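Trainee: Please take a close look at a single part of this model, the interface between its two chains.

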Amino acid sequence: MAMELPPFNIEDFSKWKSGNAVIQETDMDDFMKTEAKDIISTAIEKASGATGINVEFACKFVKDSMDRQFGPCWHCVMGEGFSFEVTRQAKTTLYMYYAGKIAVLLFKC
Amino acid sequence: MPPKAAKGPKKGVKKGGKRKPGTIEEEDVSQNMDDDADLLNMDQNNQQGIDQEQLTNEEKDANIIKTLNSNNPLAPHNLTKYSFKDRQFKTEDSVEHLVFHFVFDGDVILKDSDEARDQEEYWENKKKGNKSLLDKMNVAIKEEFGKDPLEGNDKAQKKSLRNQFNYQERASQTFNLPLREKGIKTDPPQCSNFSLETTQWQIFDAYMGAYEEIQRQELEEQMKNKKDKKPAQQQQIQVEDPLYSASMKRALKIMERMIVQNADEEKFEDYKYYEDTTEDTESRNYGSVLPLWRFSTDRSRKKHVTSICWNPRYKDLFAVGYGSYDFLKQSTGLICAYTIKNPTYPEYQFTTESGVMCLDFHPKYPALLAVGCYDGTVMVYDIRIKGNNKPIYQSTVRTAKHTDPVWQVKWSPQDDPTKALSFCSISSDGRVTNWNLMKNKLEPEEVIKLKLVVDQEKELAENKKEAFMYGLAGGMCFDFNKYNENLFLVGTEEGKIHLCSKAYAGQYLETYEGHYLAVYAVKWNHFHPRVFISCSADWTIKMWDKNVARPIKAFDLGCAIGDIEWAPYSSTVFSAVTSAGNLYVWDLIQEKHTHMCEHPAMKKAKALHVAFNKSDPIILVGDERGGVNSFKLSKSLTKGPLVPTKEEEAGKTTQQLEEGKMDRFLNSLDKIVY
């Protein structure tokens, strides 16, 4: 039984990936996860302008929103390329890609 | 000095407030001498001072009138403000001229004023209130005690309030509760380290994977919607573990072959590149073989190699049949298909109930393998079907299977492609049978019954009918003629070779007598239509011409000869193996009387079978210990086939040239011998 995928279309792919999040790793519960995802997407939407994405603003926005909603001491890292080693509290980590090129690390400690 | 003082201010005002005594006061100078000595001095010095206005006496006597008014000279007189009402700047007329130099709020009140009266009234009311309160208290005391306890005591009555000087306060203190501290320590929240790395590549890959997953899901949904009938089948396909998939198997196979080739590199180099090009006929190396691999498995160790057959299409693949030639020690059979690409382990394996005696690959369908067994069964395997170890065809008692060991099977040449495939088998029970592969069974068709041939004289002497009383001769081997497909030779246990034809069933066209023991193999020459050779347990190899009843050439090797085979590349080259374990190769055009090569193919084991590769100079020798040794033939042994090159040969085919070569050899033989 052949399961042939349709031919790869780079335009469709770019379009799709610019508006989608890929969660790489998370141990949050579902509610927190959806909240965090919403916050991140609104943050990046707000921060993106003609000159690209204002990562600092987006980070600050996410951190503040999460602090307000789930208690203080959240940290947020965004960028196109970085490596990290962090200590995080259990059930508070979210590591995902957004908008096709941004990696977002969100955790509490 | 009042007049002067009066004068002074006048002047002071006039002169802009100058306080210095001027010349006007000259007459008083002497009086003020002691006080103002310095000033005087100064004045005297500055009698004609710069600031001093000189006045005449008339001027000094003149009256100047100055009036004081309530205007503040320091107040601004042209104050201008913006008037929002008229929307323009306007000069303000009313300027505040009042100036407070000193202000002090007093608390003295006039006795006649209203304020004083109010105050008086307030104090009076307060006094009255206190008096009435005290009276009420006294009334209450009287009610309680009957009479005022202080009645009569004016002094006490007068002052019932506490004594300022004889008064003491009493207080007591309760214990203070001791302070306690209470604390609770909670477990710190669970933490763990988390580290990763992000690059654009990783992000891209992650997106790519997710995208493909989504597309696949969409596709699956589409398929499901299309075919609601077969959802279970789809799931089954998904379940397949990649570890056990066909592609993984293939990859592993290639990997194994590569490892084997790397580990055994020297032999593979020899196989591919070694060429013994010795042309010196005196040299010891002239006509030699180079040993390569030994093909063997654990399961075949105690079995005899009963046949070897190269695959006609895949020149690296060959099948080996394992059984036993020992009548008393029969065991199960085994078929192994090896490939040179992996000499360590067989590519295909099949086991049979009875020992395998012979096998043959179909020339056109390389997966079909005909097999004959010791118990008389003939089978057909499709070697592609590995799993179930079962033949696709098998002869049974119902289909008239052989009752004795099948010594040779051979696919019949398929002259009509619409006809079913068929193969021939020969057995000790004296029958040669052609088996047709029908849809689901083997259809036997008797070709010939091997009647015993008794001496002609004997036959004449006795009753002719008695001849039928004899049993049948045990067939050992047969071979179809390549140039006349009806003709075939049969070798028997009695040592006779019969020439038969499919067209005349039940008759021998010719009987060749010359061997005294069982004929193990008989082979037509590949190029010459008349010549064939045979080998026998009586230690001889004999060469025959179809038209001559006696052998035209014989070779005695001093021990039983297991097998012979013509080389596929030359009409004059053939090979034989003996029970001493030697491999012999002849090239009759080079060496007429003796072999070109003698090589100990194995130590202390009978060599049983030999097979030339169809295209490479490789020869296989099977032994009685379940192994197959491979050898590379040197250049001197592989001369041929002849290709028409010279002009005189133009128009002739290779076959004709090779036939001519054989004829040249035949002509050189001594005709009287036969």
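**The interface of chain B with chain A**

Mentor: Strand β5 of chain A (residues 82–89) and β3(B) run antiparallel and are joined by 8 bridges; strands are DSSP runs of E with at least two residues, helices are runs of H or I with at least four, and both are numbered from the N terminus. Two strands pair if DSSP finds at least two bridges between them. In β3(B), B:Ser192 is the bridge partner of A:Arg88.

This is a predicted model, in which local features need pLDDT of at least 70 and side-chain atom pairs count only at pLDDT 80 or more, while totals for chains, interfaces and linings use all residues. Residues are numbered from 1 along each chain as its sequence is written, chains are lettered from A in the order in which they are written, and side-chain values use heavy atoms, with hydrogens and water left out.

Contact (heavy atoms within 4.5 Å) involves 30 residues of chain B and 38 residues of chain A. The buried area, meaning the accessible area (1.4 Å probe) lost on being put together and summed over both parts, is about 3100 Å², with 66% given by carbon and sulfur atoms. On the side of chain B, B:Phe194, B:Tyr207 and B:Tyr211 lose the most area to chain A, together 27% of what that side buries.

There are 0 salt bridges between the chains, a salt bridge being a side-chain nitrogen of Lys or Arg within 4 Å of a carboxyl oxygen of Asp or Glu. The elements of chain B that give two or more residues to this side are β3 (191–198), α6 (200–226) and α7 (231–239). The largest share, 16 residues, comes from α6(B).

Key
Buried area = accessible area lost by both parts, 1.4 Å probe.
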